Amino acid sequence: MYGLCDCNNFYASCERVFDPSLEGRPVIVLSNNDGCVIARSNEAKRLGIGMGEPYFKLSQTIRQHGVNVFSANFALYGDMSRRVMSLLSRIAPAIEVYSIDEAFLDLRGIDPKKLDRLGHTAADTVRRYTGIPVSIGIAPTKTLAKIASKLCKRYPKLDGCCYMYRQEDIEKVLRKYPIGDVWGVGARWERMLLRCGVATAWDFTQMPPEWVRRHMSLVGLRMWKELHAEACIDFENNHPAKKRIATTRSFDRPASTLDELHQRIAQYAAACAEKLRRQHGLCGEITVFIMTDRFKEGAPQCCRSRLVKLSVATSSTLEIVGHAVALLKSMFSSGFAYTRAGVILSDIRSDDASQQDLFDTADRTKHDRLMTAVDALNAGFGRHTVGIASEGREPFRMNRNHLSPKYTTDWEQIIRVKAH
Amino acid sequence: MKRDEDRLKIYRPQHDTDIELPMAESTVHAGFPSPADDFLEGSLDLDRLVVRHPEATFFARVEGDSMIGEGIAEGDILVVDKAVEAYDNCLAVAYVDGEFTLKRVRMLHDKILLVPANPRYPTIEIATGSDFAVWGVVRWIVKRV
């Protein structure tokens with residue numbers, strides 16, 4: 001059996017742990033730079049606030065319903081996530097961290113009669129130790145476990161764990177489960193399936209496998225089998241290294257000159273390079289994009305992105321910034337008010353397998369030593385102590401007007417307890 | 001050949017204890033090993049002393065003097081463990097009237113009392129059945145002298 005543990009409205013729940021007055025009240029969390037909504041409490045969902053909705057469009061709803069607004073506090077969320085994952089890994093024989101608020105549990109080899117109890121214990125322990133409510137689904141495959149966990153969220157009576165294993169139970173659930181909510185079904189497949197009359201997960205399981213194979217490739221067939229309780233998505237014990245690393249931001253005020261963009265792109269590229277080195281990776285592709293505000297009607301719109309494939313994979317800030325800035329220059333045009341830009345590293349592999357290139361001109365060992373020193377300085381003396389000149393001296397400040405304290409990662413910001 | 005005695009016995013390792021072995025640091029070269037190696041026990045780690053449940057432990061800073069009778073003063077750092085269930089007379093962080101407060105918690109049969117350690121402050125009484133909950137139990141206090 002497989003389990004999936006999903007933290008309920010994770011970011012909002014983190015804020016609630018340290019401010020219990022938020023319990024039962026609508027809470028939303030905004031993306032970097034307070035751009036748009038990235039998390040909502042159930043109360044906020046009920047007000048009709050959508051995922052990804054731009055913040056500036058919500059001012060009336062916020063005022064009218066007293067919605068509590070937070071800027072994303074990733075230092076806090078990251079620490080709380082670490083706590084949750086650490087507890088799960090003690091309870092389950094093995095876990096696979098799937099995202100900041102989700103982990104698969106490998107429950108193979110455990111007596112099936114004990115699983116209901118184990119799931120409830122896990123949910124209860126995480127809740128008590130960290131204050132974060134979770135929904136655990138347990139089922140014969142990962143795909144079904146995801147569905148079980150969703151069910152668990154929908155029915156509070158299940159008390160944190162839904163163990164779904166009997167054929168007739170699974171059928172009952174799948175008959176009501178919208179196909180679009182199945183793990184792996186994106187908007188395109190959903191549209192296609194609905195056109196073919198497949199509305200629920202059950203309808204999908206009734207399609208002949210050859211049809212699935214033809215229209216949805218092996219990936220779709222795997223999904224079909226998983227829904228038939230045949231496990232075919234592997235369990236990854238180790239955190240798979242990220243396949244893409246991105247740093248993207250909305251600006252607090254528009255930028256229209258190359259100079260302004262240049263500095264920002266250099267900063268984002270440097271941030272990406274640091275993340276890349278932290279996971280001991282090398283990247284083979286760099287993408288840069290710049291765009292104007294698509295919500296601003298009447299303003300001239302421009303959205304460009306460009307990718308470069310490197311002949312030798314690298315993790316050097318010098319090289320990555322150099323390529324990113326060159327990409328920017330190659331596609332920049334003036335006359336637009338840019339409001340968002342980003343750098344994305346892809347084709348990432350581990351740094352122990354870089355292939356040598358005959359035409360490689362950079363002195364790699366020297367770069368490596370330099371980068372190790374830069375990372376150490378920045379870790380010891382704070383971000384942006386050392387950087388390369390084109391990053392500029394002052395980082396562009398992100399708008400984070402509703403940031404809660406770093407309760408768990410900064411001695412100056414820990415919880416204050418009144419003794420009066 | 002006596003089969004039974006030849007047979008390999010397999011013992012399963014026991015995984016549920018949490019003992020760490022001390023490491024001998026000095027590597028063995030030709031020459032004299034350090035006479036202290038046999039006595040090496042690893043250095044003392046304050047974290048291991050005060051943090052029993054790492055995932056459930058949070059730090060908090062005291063503001064005010066209502067617990068001064070117990071020697072707890074402004075600026076002291078509390079080691080709060082959310083995994084520990086509240087018990088009668090525990091020192092705890094509770095959430096009351098929109099703020100975190102530090103008190104001794106008396107759990108009597110018909111009510112809960114939040115008792116300060118300073119005569120200038122009142123005892124707060126909480127009727128059973130109200131949705132009061134202890135946020136975490138204080139296990140240690142870190143104090144600068």
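Me: Is A:Asp159 buried, partly exposed or exposed?
Reply: This is a predicted model. A:Asp159 sits in the loop between helix H6 (142-154) and strand E8 (161-163) of chain A. Its relative accessibility is 56%. Exposed means over 50%, so A:Asp159 counts as exposed.

Me: What is the phi of A:Asp159?
Reply: Most residues other than glycine have a negative phi. A:Asp159 is not a glycine, yet its phi is positive. The value is about 60 degrees.

Me: Which helix holds A:Ser217?
Reply: A:Ser217 also has a positive phi, of about 60 degrees, and is not a glycine. This residue does not lie in a loop but in a helix of chain A, spanning residues 209-227. That helix is H10.

Me: Is A:Ser217 buried, partly exposed or exposed?
Reply: Buried means under 20% and exposed means over 50%. A:Ser217 has 36% relative accessibility. It therefore counts as partly exposed.

Me: Is A:Met216 buried or exposed?
Reply: A:Met216 is placed in helix H10 of chain A. Its relative accessible area is 1%. The cut-off for buried is under 20%, so A:Met216 is buried.

Me: Which residues does A:Met216 touch, leaving out those up to four places away in sequence?
Reply: One of them is A:Leu193, 23 residues away along the chain. The C-alpha atoms of A:Met216 and A:Leu193 are separated by 9.9 Å.

Me: How far is A:Gln206 from A:His228, C-alpha to C-alpha?
Reply: A:Gln206 lies in the loop between helix H9 (201-205) and H10 of chain A. At 48% relative accessibility, it counts as partly exposed. A:His228 is 22 residues away in sequence.

Me: How are H1(A) and H4(A) oriented to each other?
Reply: Helix H1 covers residues 10-18 of chain A, and helix H4 covers residues 74-91. Their axes are 10 Å apart and meet at an angle of about 95 degrees. Angles of 65 to 115 degrees count as roughly perpendicular. H1(A) and H4(A) are therefore roughly perpendicular.

Me: How many nonpolar residues are in the contact of H1(A) with H4(A)?
Reply: H1(A) brings A:Phe10, A:Tyr11, A:Cys14, A:Glu15, A:Val17 and A:Phe18. H4(A) brings A:Phe74, A:Leu76, A:Tyr77, A:Met80 and A:Ser81. By class, one residue is polar and one is charged. The nonpolar residues number nine.

Me: What percentage of the residues of chain A count as buried?
Reply: Chain A has 13 helices and 13 strands. It exposes about 21,300 Å², with 51% supplied by carbon and sulfur atoms. Of its 420 residues, the buried share is 48%.

Me: Among contacts in chain A between residues at least 6 apart in sequence, what percentage join residues at least 24 apart?
Reply: Contact here means heavy atoms within 4.5 Å. Among those contacts, the share joining residues at least 24 apart is 69%.

How values were computed. Residues numbered from 1 in each chain as written. Chains lettered and ligands numbered in written order. Predicted model: local features only at pLDDT ≥ 70, side-chain atom pairs only at ≥ 80, totals over all residues. Heavy atoms only, no water. Axes fitted to C-alpha atoms, helices over the stretch in contact; angles between N-to-C directions. Helix = DSSP H or I, 4+ residues; strand = E, 2+ residues; numbered from the N terminus. Parallel < 35°, antiparallel > 145°, perpendicular 65-115°, else oblique. Nonpolar A, V, L, I, M, F, W, Y, C, P; charged D, E, K, R; others polar. Buried < 20%, exposed > 50% of the residue type's maximum accessible area, 1.4 Å probe, protein only. Areas by Shrake-Rupley, 256 points an atom, 1.4 Å probe, with all protein chains shown as cover.
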